[in-house]
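Here is a colleague's note for someone opening this structure for the first time. Please keep the sequence and the 3D view side by side while reading.

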Amino acid sequence: AERAVLATWSGPGRTADGRLVKLLANVADAASSVAASAEPVTGIGLFRTELCFLDRETEPTVEEQADIYASVLAPFAGEERHVVVRTLDAGSDKPIAFATHPDEENPALGVRGLRLAFADRGLLHRQLDAIAIAAERTGADCWVMAPMVATVAEARDFAADVRERGLKPGVMVEVPSAALLAHKILEEVDFLSIGTNDLTQYTMAADRMATDLAHLTDPWQPAVLQLVAIAAEAGRQAGKPVGVCGEAAADPLLACVLVGLGITSLSMASAAVRPVGARVSELTVGHCEEMADAALAAVDPATAREAARAVLL
Ligand code: PEP
Ligand code: MG
């Protein structure tokens, strides 16, 4: 039966009882954006801009950046879809030659993501200028979010720079402090996007790259799900979107749990969109909430998975 649904499902993302769940794509460049536009998605939920510059020794000019960003926005131009551009997430597992802190004992806990932008304001401002030019040129509905936000003040500061350019500001929830303060952060920004890869790493104090810590870097960890629940509830109260753009959104079973927790959009690699959309379309919001309650009540990832799966049967 699962196969039959997968074969016939064609979007848009919604539960069996009709609640819309935006399905979005994670992209890295123009080619992946074009590929994503052939899938039943309502936009791009994460454009990882730093991946455009992994091989660059020096910072691209504003004009060069605008051309690259426009090529990614273009396939999603128009009012009914939107594109979430993430500002440079340099540092730690993604070193960028022109935006890397020279020497750190502990790069994952160091000057990375938005922290780097605050250390070099010009870098952030030039990127925001380029994004604004690309948005204007393509007519895309462009949202802009910052990675690695830990405080309300960071969110406020970033939001001011983004609004100044006529764009819609949001922040990623990747640090537990941001999840706990989601209600305050939502007073500053228009949306949140939970990066479950880093949120799991920082919640469990386990390096996401360490294969021998895979039992800890599992987004089914109930502590991670609790933080997701807190952020989603803050979004519900504020009436603002809270999505997930980490790998968790690409797991059809976990995606249903996320919907049950109140997440409003799921962003994932294009290949995952159909399996996730098909699975979500089979369940009511009530079923998803039952799965979420069961997973939250579990004491470990294996039990959480089993408990969520049991609701399907
Ligand atoms: C995340 O941390 O979950 C995320 C989406 O960002 P990245 O994987 O690029 O760090
Ligand atoms: Mg991240």
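1. Confidence. Please bear in mind throughout that this is a predicted model. The protein chain averages a pLDDT of 96, and 99% of the residues score at least 70. For the model, the scores are ipTM 0.99 and pTM 0.97.

2. The shell around ligand 1. Which residues are around ligand 1? They are Leu46, Arg48, Asp89, Glu174, Gly195, Thr196, Asn197, Asp198, Cys245 and Gly246. Two or more of these residues come from each of the elements β2 (43–48) and α9 (196–204). Helix α9 gives the most, with three residues. Sorted by class, the shell around ligand 1 holds four charged and four polar residues, together with two nonpolar ones.

3. Helices α3 and α5. Two packed helices are described by the angle between their axes and the distance between the axes. For helix α3 (residues 62–73) and helix α5 (residues 121–138), the axes come within 8 Å and cross at roughly 45 degrees. Because of that angle, α3 is oblique to α5, and the crossing in which α3 passes α5 is right-handed. On the α3 side the contact is made by Val62, Gln65, Ala66, Tyr69, Ala70 and Leu73, which meet a set of α5 residues that includes Arg126, Gln127, Asp129, Ala130, Ile131 and Ile133. Further along α5, Ala134, Ala135, Arg137 and Thr138 also belong to this contact. Divided by class, the contact of α3 with α5 has ten nonpolar residues, three polar and three charged.

4. Helices α11 and α12. A second pair to look at is helix α11 (residues 252–261) with helix α12 (residues 273–281), whose axes come within 9 Å and cross at roughly 55 degrees. That angle is why α11 counts as oblique to α12, and α11 passes α12 in a right-handed crossing. Pro252, Ala255, Cys256 and Val259 are the α11 residues here, and they meet Pro275, Val276, Arg279 and Val280 in α12. The residues of this contact of α11 with α12 comprise seven nonpolar and one charged, with no polar residue.

5. Backbone details. Where is Pro12 placed? Pro12 sits in the loop between α1 (2–8) and β1 (22–27), and the peptide bond that leads from Gly11 to Pro12 is cis, with omega near -5 degrees. Phi of Ser92 is near 60 degrees, which is a positive value in a residue other than glycine.

Notes:
Residues are numbered from 1 along each chain as its sequence is written. Chains are lettered from A and ligands numbered from 1 in the order in which they are written. This is a predicted model: local features need pLDDT of at least 70, side-chain atom pairs count only at pLDDT 80 or more; totals for chains, interfaces and linings use all residues. Axes are lines fitted to C-alpha atoms, for helices over the stretch in contact, and angles run from 0 to 180 degrees between N-to-C directions. Helices (H or I, at least four residues) and strands (E, at least two) are DSSP runs, numbered from the N terminus. Angles under 35 degrees count as roughly parallel, over 145 as roughly antiparallel, 65 to 115 as roughly perpendicular and the rest as oblique. A crossing is left-handed if the near helix is turned anticlockwise from the far one by less than a right angle, and right-handed if clockwise. Two residues are in contact if their C-beta atoms, placed from the backbone, lie within 7 Å. Ala, Val, Leu, Ile, Met, Phe, Trp, Tyr, Cys and Pro count as nonpolar, Asp, Glu, Lys and Arg as charged, and the others, Gly among them, as polar. A residue is near a molecule or strand if its C-beta atom, placed from the backbone, lies within 6 Å of it. pLDDT is the predictor's confidence in each residue, from 0 to 100.
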